Amino acid sequence: MPTSYMQGTIVPVSAQVTDQYLSAGLVVGRAALVVLPSGSAPSGINALAGIGGDGRIDYDTPVSFSFFAAGNSGVIGTTDFFGYSADLFGSSGNIITISAYGLDGSLVGQVSYTETGNFTAPLTISGVGQFHSVTVDQTLFNTNSGGIALDLIQFGNISIAAVSEPQTYAMLLAGLGLLGFMAFQKKQNT
């Protein structure tokens, strides 16, 4: 259930967005579903806004997006494109920064936009290679502006990352141990 978009609104658990989109391979962090004024959201009236450490709507709090295999948060994924449509109102001059991070958490690319009130195309990051997660961060120069809500989230095809799991290493060690034991036995029999 969405909550008010106003900065400082307490976010009920029912408005928090986390793994509701895992079936598509997306996990969202520190975000709430909010209701924007009529005509603000390109898709209708609902969008995403950041949740601050105090559990309230805070457009200065980065919203994170991480990619996984569809339906399985245990299998890490990467993509090469992320974008969203910003709300259609406002010309506060707030700065929006989209940062993409690799599997090891290192920054692989970043792009910034200034809120002008006339975003007609999605705000995107691409052309930086594969990345596992993205943050959308806003620097609010005008805290009365309401901030920039995120709408119509889009991302490229998700590739499964080639990261070995601990079970793989355990099986490898067990196999090497078995080969060593067999070589030892063969040497003992000769």
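A residue is called buried when its relative accessible area is under 20%, exposed when that area is over 50%, and partly exposed in between. The model described here is predicted.

Threonine 78 has a relative accessible area of 9% and therefore counts as buried. This residue belongs to strand β7, which covers residues 72–86. Its side chain forms a polar contact, at 2.7 Å, with the side chain of glutamine 130. Apart from neighbours within four places in sequence, threonine 78 is in contact with Leu103, Gln130, Phe131, His132, Asn157, Ile158, Ser159 and Ala161.

Proline 122 sits in the loop that joins β9 (107–114) to β10 (123–131). When residues up to four places away in sequence are not counted, proline 122 touches Tyr84, Ser85 and Gln154. The C-alpha atoms of proline 122 and leucine 152 lie 8.5 Å apart, although 30 residues separate the two along the chain.

The two residues are set out below.

| Residue | Relative accessible area | State |
|---|---|---|
| Threonine 78 | 9% | buried |

Of its 190 residues, 36% are buried. Among contacts with a separation of 6 or more, 69% are between residues 24 or more positions apart. The accessible surface of the protein chain is about 10,000 Å², and carbon and sulfur atoms account for 58% of it.

Methods: Residues numbered from 1 in each chain as written. Predicted model: local features only at pLDDT ≥ 70, side-chain atom pairs only at ≥ 80, totals over all residues. Heavy atoms only, no water. Helix = DSSP H or I, 4+ residues; strand = E, 2+ residues; numbered from the N terminus. Contact = heavy atoms within 4.5 Å. Buried < 20%, exposed > 50% of the residue type's maximum accessible area, 1.4 Å probe, protein only. Areas by Shrake-Rupley, 256 points an atom, 1.4 Å probe, with all protein chains shown as cover. Polar contact = N/O pair within 3.5 Å; in protein donor to acceptor, adjacent residues only side chain to side chain.
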